[in-house]
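Work through the exercises below with the sequence and the model open beside you, and try each task before reading its solution.

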Amino acid sequence: MARSYDPHSIEPKWQEAWDRDGLYAVSEEPGRPSYYVLEMFPYPSGDIHMGHVRNYTIGDVVARQLTMGGHKVLHPMGWDAFGLPAENAAIKSQTHPATWTYGNIEKQTASFKRMGFSYDWNRKVVSSDVDYYRWGQWIFLKFWERGLVERKSSPVNWCPSCKTVLANEQVLGGGDCWRCHSQVEKRELEQWYFKITEYAQELLDSLDQLAGWPERVKTMQANWIGRSEGAEVDFTLCDAEGEPTDRTITVFTTRPDTLFGCTFFLLAPEHPLVHELVHETEYAGPVRAVVDAAARETAVERASGEAEKVGAFTGRYVVNPVNGEKVPIWVSNYVLMEYGTGAVMAVPCGDQRDFEFARKYGLAIPPVVVAEDDTLLGELRDQRERVMDDVPWDVAYDGPGLMVQSGQFTGTPTGKGGEGMRAVTEWLAERGQGRFSVNFRLRDWLISRQRYWGNPIPAIHCAACGLVPVPEDQLPVVLPSDVDVTKGETLADHPEFYETTCPKCGGVARRETDTMDTFTCSSWYYFRYADARNDQAIWDKDKVDYWLPVDQYIGGIEHAILHLLYSRFFTKVFRDMGLCDFGEPFTNLLTQGMVRMDGEVMSKSKGNVVAPEDMIAEYGADTMRAYILFMAPPDKDLEWSFEGIDGMYRWLSRVWRLVAETAEETASGCGVAASGDEAAKTLHREMHRVIGKVTDDVSRFQLNTSIAALMELTNAAYDYRNSVAQGERDLPLIRDVAENLTKLLAPYVPHMAEELWREILGKDGSVHQQEWPAFDASAAAADVVEMAVQINGKVRARISVEADMQEEHVIEVALTAASKWLEDVEVKKVLVVAGKLVSIVVG
RNA sequence: GGCGGUGUAUCCGAAUUGGUACAGGAGGGGGCCUUAAAAGCCCCUGGUCGCAAGGCCGUGUGGGUUCGAAUCCCACCACCGCUACCA
């Protein structure tokens, strides 16, 4: 009797063998189709969690199946190793961040090997290795050469807990730090930026090319980039006496057609002009109060939408370019310095915020756009001058309509994208007081961090020469290892690091002590996998052209904007630098769902973590892999449950017995002629149906249904055994089923399949290097099909007909089968859906 | 408030894109094997009416389009996610 399924004895054995034989090492082979499967590389926190298991198992199944299907598959893994947790852990446990990080990498690598993932570890990249981060510094210098690096002072997000600044993308809704969830503060600081806004338009436009990306990710990116079309309008600033000066303040507006309804003008509290306008005037006090209140206002209050709109008049005016009216300048907390120009033309009849503000402070609300069905229109239709100073509305109107009280533009149809917008903007442009303009919500990417455990920014501050890039031949700027992080030290506390000389003038200079955002490391790692050990160049373009772009990228939805936007930006710059020929890095994207428990995302802080290692210890990695895939489709959230894992183990044991017993039964050869009876035909057909189903399901990432199909094939094989006595079985067939089932299982349960293949079925070579079973559509097709007969949409009968029966004949059979429903009625129409149903319409 | 997603059996979920609703698993029930249990193997498992054949109802709710709707359209409800004073 064959031994039973014992994952714990076979899994470590094959893991070692695969390692020893270098089974998963790949190289370029021009002429053969390449495929690049990539899962987002992890931060080495030390533990693997269910999210990792799910993410990496999905990728592993795809990689293994495509390899068997004849592709050269690149399936690498590495570590996003810089970052703050290492520093926090260092302080907590009095170790060095490097010790902690590399220790975790070792632990986690062992966990990944226990899962049986098919990575080519020769291509491993670790972002904290100097061999890797030196090229990150090189990228920084190249970006600088291309004018994409800028150091500027600006209000930035400061996380008091992480003691560093953050990019806009890294501040969550509600104003929380993405990493530690502390409240972020605004500070005016000089920082380093990557000018991602230079690529804003292209980042938006080329989303259209990403047919293989989920719609919602593209929508999120488009919203984040936030393109608005409109106009810039120049308002002339008046002096303290109310006389026009030669200075102007420019605003951005999406509704230049409402300019005649502008009754006040707003500046953000942080606007540099505010102080000057009210300095030593009676208005200084109230304005100061608004500015101070806004500074105290936390992001939460702002984000809640509950923040009361407050404002104060500055005592000064601007001139409205369309009608020469003097408009009072106010300061209010609802104007954002970060968006547009930090100044707004307020049109209370058309903008809800302006409307509320006007009502609160008793400012005029003259209607300038009126809907065609509004009763006001009768009164105002041809009214060029302003005769009405308030509207009888409860809310602002921003829909389409006709322009009124708008001088020569009165009567023009308008609305978003309407004729009035163009007419007013053209008129302004002719006078040099405005122009068409496009505004983006996307800000430049703040990349400097005041932390130790990151990639040093290769720049030098020289009193004489200003900012000087570290010359390329002086790279890398090595991160010194003797900084005492446990005392909270950073590079700025380390004179040996920052004391240097200017590469230009040779004078005394100071090396930059900020490090780069870790998202700069993860923006190009997938390029480096193509040529990970290159120490002469960042990569060999031929290798990148062979493997990239990534055919299938798999990762969490949490990077819908952050990592995926930054990576798209990097790729476009690389293309412009001639480092690659494409502008989009990831052809297909799968955002796998989260693993939850009790309705919440699994996390240490919630205490609802199920450790994969415990599951492996109990059931083995193969059961764990198959189970997590089977629980839900990969892109959906998954509610963890212990309920079904026994069932998965049971099925695998069942497969084991089937294959083992078949191996015994056919041990002395399959010399018996095929019986060709009905049961055998059914099993043969089922085998081919499942080959087709599994192959197709994997291409659509329906890994839960592909496993279901494999279960069906198992059931069909058992049905055959139960219906045909031993000795009468079709031995070539059952042998074929056992071998094909083993191959089909190989991507899901690689260890078990390998053991069955080599030890039980006695084959030479790894199952993972076998050819994927070929799908024979004709073998999978049934020769008799069951069809439904519908009468007026209701199923009234079922018929079994030959699959190739002529349509007229099928109709005949259907009419006979449903004859009792057809008495005393007239058949008006008959439709046949081949192999499915016959629909009869009667009157 | 805006954008997006989801809603199918007791539970997780299928339904190859408008064609026989509920595959597969879990859970539940029954049987075989066994002195017994475990394991294994087999069968049943939406509601309702009916002795049965079969009928009727059923994919969050209500309408619509169609010979035919879980699938398309409209309105609404619930839950989840992202985003939020973006001028």
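## Exercise 1: a salt bridge

Glu-472 and Lys-142 form a salt bridge, in which the closest N and O atoms are 3.1 Å apart. The model is a predicted one, in which local features need pLDDT of at least 70 and side-chain atom pairs count only at pLDDT 80 or more, while totals for chains, interfaces and linings use all residues. Residues are numbered from 1 along each chain as its sequence is written, chains are lettered from A and ligands numbered from 1 in the order in which they are written, and side-chain values use heavy atoms, with hydrogens and water left out.

Task: state which parts of the chain the pair Glu-472 and Lys-142 links.

Solution. Begin with the rule, by which a salt bridge is a side-chain nitrogen of Lys or Arg within 4 Å of a carboxyl oxygen of Asp or Glu. Next, place the residues: Glu-472 is in the loop between strand S22 (466–469) and helix H14 (495–498), whereas Lys-142 is in helix H5 (residues 130–145). Helices (H or I, at least four residues) and strands (E, at least two) are DSSP runs numbered from the N terminus. The pair therefore links distant parts of the chain, 330 residues apart. By this rule the count comes to 53 salt bridges.

## Exercise 2: two helices

Task: find how H21 and H25 are oriented towards each other.

Solution. Helix H21 (645–665) and helix H25 (residues 750–760) pack at an angle of about 10°, with their axes 11 Å apart. Axes are lines fitted to C-alpha atoms, for helices over the stretch in contact, and angles run from 0 to 180 degrees between N-to-C directions. Angles under 35 degrees count as roughly parallel, over 145 as roughly antiparallel, 65 to 115 as roughly perpendicular and the rest as oblique, so H21 and H25 are roughly parallel to each other. In their contact (heavy atoms within 4.5 Å), residues of H21 including Leu-652 and Trp-656 meet residues of H25, among them Met-752 and Leu-756.

## Exercise 3: the RNA strand

Task: say which element gives the most to the surface near RNA strand B.

Solution. A residue is near the strand if one of its heavy atoms lies within 4 Å of it. There are 53 residues around RNA strand B, and Arg-353, Pro-633, Glu-786, Arg-798 and Ser-839 come nearest. The element that gives the most is H23, with eight residues.
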